[in-house]
Amino acid sequence: MAQDVITQAPLGFGLGLRTQHFDAVLNTEPDIDWFEVLSENYMVAGGKPRYYLKEIAERYPLVMHGVSLSIGSTDPLNMDYLKALKQLANDVQPQWISDHICWTSIHGVNSHDLLPLPYTEETVKHVAQRIKTVQDFLGRRILMENVSSYLSYQDSSMDEWEFVNAVAEAADCLILLDINNIYVSARNHNFNPLDYLNKINPKRVKQFHLAGHSDYGDYVIDTHDHDVSSSVWDLYRAALKRFGGISTMIERDANIPEFSALEAELTIARNIARDTLGEVHPLNAAKSRKNMHEGKVIA
């Protein structure tokens with residue numbers, strides 16, 4: 001049985017850690033509550049990335065976020081990948097580990113994309129069993145993220161939010177709710193994003209993602225290369241009302257600006273949370289580090 005390894009209180013407001021910002025983080029120690037790292041970037045022994053990761057992990061709480069678990073594939077789970085992921089987690093001691101409810105590979109070939117699944121009971125059972133196996137191997141519950149999508153399957157028999165809830169319940173995992181992905185999929189598939197938010201089980205949601213997208217009018221692509229849009233900020237306000245002060249972070253993977261620009265954007269998230277919830281009690285950077293070093297987790 002996988003153990004709970006989730007912090008007792010929300011982490012506050014974080015950013016995705018990118019190589020361009022390593023020096024800025026270490027040299028200035030900005031007042032960021034936590035950082036999310038892309039697991040695959042550090043699943044190697046030694047080298048500069050691991051050096052910087054170690055230094056930053058001594059100063060800030062970290063969470064690990066993966067893109068290659070391919071939990072929905074019919075290929076066997078990649079045990080070499082899981083062993084490397086577990087070793088990284090042992091080294092970094094993240095607050096939690098996350099990946100996506102999708103498939104990325106078939107017959108051992110990685111598509112390097114997060115591909116959606118058909119929303120059926122059969123898929124729920126398949127994905128949930130694989131998540132259970134991963135959780136038992138890692139010895140902890142994990143967070144699984146909803147993905148943006150650009151196609152649907154004729155075989156689907158439930159809405160996406162029903163599918164995400166069913167997977168989380170059957171696997172007894174937690175949910176990383178990507179607000180931007182909900183908006184992107186809502187535009188592409190013509191559903192009300194508020195219906196999605198209002199149907200997700202709030203007891204399972206432990207993290208929010210915010211990001212930018214590219215809007216082409218008839219369709220929207222989750223590109224992570226723009227600032228968070230006003231529509232996604234509005235949806236974030238609704239998510240706060242529904243789920244409360246969930247740990248929130250901003251992703252930026254292309255057209256990456258100076259670190260100060262991302263700090264300013266994160267301040268918008270803080271202010272929206274404060275205005276929406278009346279008062280917000282995120283862990284500030286200093287307290288986050290103190291709790292991290294004291295090992296305050298639920299076991």
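At what angle do helix α8 and helix α9 pack, and how far apart are their axes? In this predicted model, helix α8 (residues 230-243) packs against helix α9 (residues 259-277) at an angle of about 45°. Their axes lie 10 Å apart. The crossing of α8 past α9 is right-handed. On the α8 side, the contacts come from W233, Y236, R237, L240 and K241. They meet E265, I268, A269, I272, A273, T276 and L277 of α9.

Helix α4 (residues 121-138) and α5 have axes that come within 8 Å and cross at roughly 45°. The crossing of α4 and α5 is right-handed. From α4, the residues in contact are T123, V124, V127, A128, I131, K132 and Q135. Their partners in α5 are F163, A166, V167, A170 and A171.

The whole structure holds 13 aromatic pairs. One of them joins Y51 and Y52. Their ring centres are 5.3 Å apart, the planes stand at 70°, and the pair is edge-to-face. Y51 is partly exposed, because its relative accessible area is 47%, between the limits of 20% and 50%. Y52 counts as buried, because its relative accessibility of 17% falls under the 20% limit. W161 and F191 also form an edge-to-face pair, with 5.4 Å from centre to centre and 70° between the planes. This pair links distant parts of the chain, 30 residues apart. W161 belongs to helix α5 (residues 160-171), whereas F191 lies in the loop between α6 (179-189) and α7 (193-199). W161 counts as buried, at 9% relative accessibility.

Ring pairs also build a cluster from F208, W233, Y236 and F243. Of these residues, W233 and Y236 are among the α8 residues that meet α9. A charge-ring contact was found as well. The charged end of K86 sits over the ring of F137, 5.0 Å from the ring centre.

Backbone geometry gave two further sites. Most residues other than glycine have a negative phi. E29 is not a glycine, yet has a positive phi of about 45°. This residue is found in the loop between α1 (22-28) and β3 (34-38). E29 has a relative accessible area of 36% and is partly exposed. H224, also a residue other than glycine, has a positive phi near 55°. The loop between β12 (220-221) and α8 holds H224. At 9% relative accessibility, H224 counts as buried, because the limit is 20%.

H189 is partly exposed, with 27% relative accessible area. H189 and S149 are 40 residues apart in sequence, but their C-alpha atoms are 8.4 Å apart in space. Leaving out residues up to four places away in sequence, H189 touches S149, Y150, L151 and S152.

Terms used
Residues numbered from 1 in each chain as written. Predicted model: local features only at pLDDT ≥ 70, side-chain atom pairs only at ≥ 80, totals over all residues. Heavy atoms only, no water. Phe/Tyr/Trp six-rings, centres within 6.5 Å; stacked < 30°, edge-to-face > 60°. Buried < 20%, exposed > 50% of the residue type's maximum accessible area, 1.4 Å probe, protein only. Helix = DSSP H or I, 4+ residues; strand = E, 2+ residues; numbered from the N terminus. Lys NZ or Arg CZ within 6 Å of the ring centre and 35° of its normal. Axes fitted to C-alpha atoms, helices over the stretch in contact; angles between N-to-C directions. Left-handed = near helix turned anticlockwise from the far one by under 90°. Contact = heavy atoms within 4.5 Å.
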